[in-house]
Amino acid sequence: MKRKLFSVSLVLVFFILISTVASAEQYTKIGSGAEPAIDDGKVVWTSNGVIYIYDLKTKKETTVNSSAASYPAISGNKLVWHDESSGVPRLTVYDIKTRSRSHVTKDVDNSSIPAICDSRIVWSADSCVYMRDISTSMQIKIAAGNNPDIYANRISYDSYSTEDTPQIYVYDITTKKSNRCQSVW
């Protein structure tokens, strides 16, 4: 009986060790740097002002030259980041397939952090939220606020109320209206 218990214990310890090793193998280092973002099988990040793109399917890394890039965001084959390589804050838009670049310089400041969904970019500058449709080059001011993010036809952002308490809003691009998110605490 003691031998059976000992054998079962050994088997159990073996399975625990194997499962620990197997779960450790699920993590793969793909690069070094900071500020990672992921979409559609591609991971982007910065390292010393340079943008890196890693394709998870092909396992290929690509470098996008810049000397002062930060806060990359990706949607499909479109990449955007905050760029100060020219000495002036701007957003750089990069098409991964065509390797073409364009820049957004209007209403951008040192703290502008972009987000992207499909062909729309959002960011804040001087406590205002902006959106640019890169397919039409049309740019609009959404509202007073900061820290925007975008998904489909909605933009979320925060804005401070008169009590100096941050409020979360959602702007609907289709209706052109913002709604404050209500807490249910």
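Predicted model: local features only at pLDDT ≥ 70, side-chain atom pairs only at ≥ 80, totals over all residues.
A residue is called partly exposed when its relative accessible area lies between the buried range, under 20%, and the exposed range, over 50%.

**Two residues with positive phi**

Most residues other than glycine have a negative phi. Ala 152, however, has a positive phi near 55 degrees although this residue is not a glycine, and Ala 152 is found in the loop between β13 and β14 (154-160). Because the relative accessibility of Ala 152 is 36%, this residue counts as partly exposed. Tyr 71, which is not a glycine either, has a positive phi of about 55 degrees, and Tyr 71 lies in strand β5. At 36% relative accessibility, Tyr 71 therefore counts as partly exposed.

| Residue | Phi | Relative accessibility |
|---|---|---|
| Tyr 71 | about 55 degrees | 36% |
| Ala 152 | near 55 degrees | 36% |

**The largest pocket**

The largest pocket of the model has a volume of about 220 Å³, and its lining is made up of 14 residues, among which Pro 36, Ala 37, Pro 72, Ala 73 and Pro 114 lie nearest the centre of the pocket. Four elements, namely β1 (34-39), β5 (69-75), β9 (115-117) and β13 (146-151), each give two or more residues to this lining. Which kinds of residue, nonpolar, polar or charged, form the lining of the largest pocket? The lining divides into 12 nonpolar residues and two charged residues, with no polar residues.

Definitions and conventions
Residues numbered from 1 in each chain as written. Heavy atoms only, no water. 1 Å grid on protein atoms, 1.4 Å probe; cavity = no way out; pocket = protein on both sides within 12 Å on 5 of 7 lines; lining within 4 Å. Points joined across faces, edges and corners; volume = space filled by probe spheres on them. Nonpolar A, V, L, I, M, F, W, Y, C, P; charged D, E, K, R; others polar. Buried < 20%, exposed > 50% of the residue type's maximum accessible area, 1.4 Å probe, protein only.
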